[in-house]
Amino acid sequence: MSLTAHPSFREGFRAGLPYAVAGFLLGISFGVLAEPVMGPVAPIVMSALLFAGSAQFAATAVLAGGGGAVAAIVAGILLNLRYGPMGVALAPSLRGGPARRAAIGQAMIDFSWAAASRGQGRFDPALMVGATLPSYPGWVIGAVVGVLAGDLIGDPDALGLDALFPAFFLALLVEGELRPGRPALAAVLGALIALALVPFTPAGVPIIAASAAALIGLGRR
Amino acid sequence: MNVASADAVWITIGVLAVATALIRASGPVLLGGRELPARAAGVIALVAPALLAALVVVQTLSEPEGGELVVDERVLGVGAAGVVLWRGGTLLPAVALAAAVTALARAVLGA
């Protein structure tokens, strides 16, 4: 059965719609922010090719601050490196050849990856792809609107959008992942590692380093 | 705010596009499609809770560009969501409340 014919693909698509609206609004703010730095075309191309909010904002901020391409690339890669451990978590749930698995990996965004997690290391890839699908046009069209129409919505922070995603991750953590024992311990350790590193490392590093908390899984039960 | 040179912009976009695609493909390509040893599977099963918890605290308590920990209106919003979840509430009301409380707190506090 193809991935898109799977029932959980539609379930993911429906679950993804409200977050696509949030992605659209954030996409507008990216277009507004990036247009003075890189002109009208590049922000749209960047959104279409990267589809990675935090890395795009970070790279644009570096360029806007007068940093060169190398510094912007490093900032962006640091933020996107979390897709490494996220892909590792997803991998055991994937079937098919390497090309198919690589393609499914491209559908990873924080929101859909988290939504597809079923606990105990299992993921639902069809749900993840379905949940990502509405966000892609939302993000790219948002950039177009931001570049062309400018500051229609003002500051997205005024809408509380920056609290929406951490609350979403908290909900998934509480509902799906926070089983007593090792999963709960891994969550607490991951949070502590990240918090400890935030003041001392570039953005992105705390999240990647937090995945080291999973190594407690090596110990004897 | 500086206008970046066209070269710097397009090099940044090109390299980041390729790097991001490779990073997203790496885990699925290298580790997918086969049975993993039990010890590896035991570690991988804990990556999701560790990363989710890190995403929660980093996105609640730090700025997107990094730097010092900050306590602002997001703490109220995410905290309200936590209370809803703790009382047995479901995902969508909790998430909506987080955004609403944060927005309201900003409006009231004039941030």
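Read from the N terminus, the elements of chain A run α-α-α-α-α-α-α-α-α-α-α-α, which amounts to twelve helices and zero strands, where helices (H or I, at least four residues) and strands (E, at least two) are DSSP runs numbered from the N terminus. Chain B follows the pattern α-α-α-α-α along its sequence, with five helices and zero strands. This is a predicted model, in which local features need pLDDT of at least 70 and side-chain atom pairs count only at pLDDT 80 or more, while totals for chains, interfaces and linings use all residues. Residues are numbered from 1 along each chain as its sequence is written, and chains are lettered from A and ligands numbered from 1 in the order in which they are written.

**Overall dimensions**

- Chain A has a radius of gyration of 18 Å, which agrees with the value near 17 Å that a compact globule of 221 residues would have; the radius is taken over C-alpha atoms, and the globule rule is 2.2 Å times the number of residues to the power 0.38.
- For chain B the radius of gyration is 20 Å, well over the 13 Å that the globule rule gives for 111 residues, so chain B is more spread out than a compact globule.
- Taken along the principal axes, the C-alpha atoms of chain A fill a box of roughly 55 × 45 × 35 Å, and those of chain B fill a box of roughly 50 × 50 × 25 Å.

**Burial and contacts within each chain**

- Buried residues make up 59% of the 221 residues in chain A, and 48% of the 111 residues of chain B count as buried; a residue is buried if 20 or more other C-beta atoms lie within 10 Å of its own, exposed if 12 or fewer, and partly exposed in between, with C-beta atoms placed from the backbone.
- Among contacts with a separation of 6 or more, residues 24 or more positions apart account for 70% in chain A and for 31% in chain B, a contact being a pair of residues whose C-beta atoms, placed from the backbone, lie within 7 Å.

**Interface and nonpolar core**

- In the interface, 98 residues of chain A are in contact with 71 residues of chain B, and the largest share of the chain A side, 16 residues, comes from helix α10 (residues 161–177) of chain A.
- By class, the side of chain A that touches chain B has 71 nonpolar, 18 polar and nine charged residues, where Ala, Val, Leu, Ile, Met, Phe, Trp, Tyr, Cys and Pro count as nonpolar, Asp, Glu, Lys and Arg as charged, and the others, Gly among them, as polar.
- The largest nonpolar core has 119 residues, and those with the most contacts inside it are A:A167, A:A171, B:A50, B:L52, B:A54, B:A81 and B:A98; the largest share of this core, 13 residues, comes from α1(A).
- Such a core is a set of buried Ala, Val, Leu, Ile, Met, Phe, Trp, Tyr and Cys residues joined through C-beta atoms within 7 Å.
- Leaving aside its neighbours within four places in sequence, A:A171 is in contact with B:A81, B:L85, B:L91, B:A94 and B:V95.

**Helices of chain A**

- Helix α1(A) bends by about 40° at A:L17, with a proline, A:P18, following within four residues; the bend is the angle between axes fitted to the seven residues ending at a residue and the seven starting there.
- In helix α2 (residues 41–50) of chain A, the residues A:A42, A:P43, A:I44, A:M46, A:S47 and A:L50 are buried, and what covers them includes α1 (7–38), α3 (53–64) and α9 (135–149) of chain A together with α1 (6–31) of chain B.
- Helix α8 (residues 125–132) of chain A is mostly covered, with eight of its eight residues buried, and the cover includes α1, α6 (98–106), α7 (110–116) and α9 of chain A.

**Individual residues**

- Just after α1(A), A:G39 takes a positive phi of about 80°.
- A:F51, in the loop between α2 and α3 of chain A, has a positive phi near 50° although it is a residue other than glycine, and A:F51 is buried, with 23 other C-beta atoms within 10 Å.
- A:Q120, in the loop between α7 and α8 of chain A, is not a glycine either but has a positive phi of about 55°, and with 14 C-beta neighbours inside 10 Å A:Q120 counts as partly exposed.
- A:G219 is placed in the segment after α12 (205–210) of chain A and counts as exposed, with 10 C-beta neighbours inside 10 Å.

How values were computed
Two residues are in contact if their C-beta atoms, placed from the backbone, lie within 7 Å.
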